Amino acid sequence: GFADAGALPALPELPVAPVRAFSIDDHTTTEIDDAFSVRELANGHLEIGIHIAAPALAIARDSALDRIARGRLSTVYMPGRKITMLPDAAIDAFTLAAGGARPALSLYVETTHAGVPVRHETRVDKVPVAANLRLDEPGEAFANDLPSPGDPPWTGELRALWKLASNLAQSRGKPDITRIDYSFYVDWDDATAHPEPGRISIVPRPRGSPIDKLVAELMIFANNTWGRYLADHGAAGLYRTQSMGKVKMSTRPGEHQGLGLSHYLWASSPLRRYSDLVNQRQVLALAAGERPPYGDNDAELFAVVADFEATYAQYAEFQDRMEHYWCLRWLVQEGVQETGATVIRDNLVRFDRLPLIVRLADLPESAPGASVRVAIGRIDLLAATLECRVAGAGAAAATPQPA
C-alpha cells in the first residue's frame, strides 16, 4: 500500500505534437515509459520521436509523491506480480497508454530515409498515443527493405526506426547481444482451466532479435544524448559508468566501456526507476531554461546514488530467487524427469529450456559448452532446492521431457 500523497498538481500547458505515437512492450506492462513516432518533414527527411513519460512534470523534489518514490527507489518485479514504485493514480496519469495525448519528454531526431541522423532536439509536449503494440505483434518484416501488402500495421514506421537503430548500433561498434532471456507468467485466476493455483509459463525471449535491438538502441541513444546534454550544461546527473567490467553510478559522466559511450545515464524509465525520475527533473529544467533542482555537490544526490545502487541490487537478487523458485515449480508442474543442459564451467551447468543453473557433483570433466543430460530428482519447494544427477553425455534434448 501507499501513503496518501494527495492530488496530483496541475500540469503546465503543453503543445500537442503532430504525431501518431506507438509503444512496444510486453503484454503485462502497465508502466509504459516509452513510445515512438515517425513523420515526414517538408525537406524530405524523417523526424523520429522517442517519447518518454514525464512524471517529473508533477512530482517535484521532496513532494509527498517524491518521498514515496524515494523510499521505494524502483518497481520490484517477480513472476506474475510486481510492486510498483509509484501509486496507480500517478502511473495512470503519465503512462503512455493509447487513446489520448500524454505528457512526454521527447527527443526528436531528424534522419535521412536511410536512417542517418542529421540533428536532434529535446522538447516537452503532449504526444497522441495511437497504439500499444505487444512484443510479438510486429513480426520481423520491418528488418528488410521489401514492403509487402501482408506487412502488419506500423511496419513502415518500424522500418524507419530500424534503419536509425542499425546506424546507431554501427556507430557504437559493439557486437549484438545473442543471449536468451525468459518471461515468467503466473496464472493465478483461471481455476476452471487449471485447478491448481499459480500455473507458471516460462517463455524464452531471444535478446538480439530485431525488435529487441530496435528498442534497445533507441533507448541507449536517448540516455546517451540526455547524459551529454546535462554534462554540456554543467548540470549534475546520475550517470552509469563501466570500467574493467565493473558498473557503478556516479554524479559525473564517465566512460561506459560495455556500451562504447562517454556519457550514459538512465532517463528512459521514470515511472519505474527513481534514478530516471531524478535525471528527468534535471533535463526538464534545462529544457525550460530553469535552474536544475539538484546542484553539482548536492548531498541528496550522493545519498540517492548510494541508496539506489544498494536497493536495486537487493531487488535484483530477490527477483532471481523468485525466478529460481518458479523454475522448480515448472519442473514439478510439467512432471519433468530429464532435461538437456549446457556446461558453463567445472560442474556448473545451465538448463537448456529454463534460466536455471545447478551444480552436478557427478559431472565428469567437460569442456564449457558441452551438452549433457540431467536426471531430475527430489525437488523441495519450501527450501527451493533441487537434487539432480548426470544422466548421460552427448547431444541433449532442447526441451525438458515430461514424465
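Author: Thr 251 sits in the loop that links strand S11 (246–250) to helix H5 (274–287). The model is predicted. Is Thr 251 buried or exposed? Its relative accessible area is 9%. The cut-off for buried is under 20%, so Thr 251 counts as buried. Which residues does Thr 251 touch, leaving aside those up to four places away in sequence? They are Ala 236, Gly 237, Leu 238, Tyr 239, Leu 301, Phe 302 and Val 305.

Now the helix at the end of that loop. H5 packs with helix H4 (residues 210–232). The angle is about 60 degrees, and the axes are 10 Å apart. That angle makes H4 oblique to H5. Their crossing is left-handed. From H4, the contact takes in Trp 226, Tyr 229 and Leu 230. From H5, Asn 279, Gln 282, Val 283, Leu 286 and Ala 287 meet them. Six residues of this contact are nonpolar, two are polar and none is charged. Spacing matters here: an α-helix has 3.6 residues a turn, so residues three or four places apart point the same way.

H4 itself is mostly covered, with 18 of its 23 residues buried.

Methods:
Residues are numbered from 1 along each chain as its sequence is written. This is a predicted model: local features need pLDDT of at least 70, side-chain atom pairs count only at pLDDT 80 or more; totals for chains, interfaces and linings use all residues. Side-chain values use heavy atoms; hydrogens and water are left out. Helices (H or I, at least four residues) and strands (E, at least two) are DSSP runs, numbered from the N terminus. Buried means under 20% relative accessible area, exposed over 50%, partly exposed in between (1.4 Å probe, protein chains only). Contact means heavy atoms within 4.5 Å. Axes are lines fitted to C-alpha atoms, for helices over the stretch in contact, and angles run from 0 to 180 degrees between N-to-C directions. Angles under 35 degrees count as roughly parallel, over 145 as roughly antiparallel, 65 to 115 as roughly perpendicular and the rest as oblique. A crossing is left-handed if the near helix is turned anticlockwise from the far one by less than a right angle, and right-handed if clockwise. Ala, Val, Leu, Ile, Met, Phe, Trp, Tyr, Cys and Pro count as nonpolar, Asp, Glu, Lys and Arg as charged, and the others, Gly among them, as polar.
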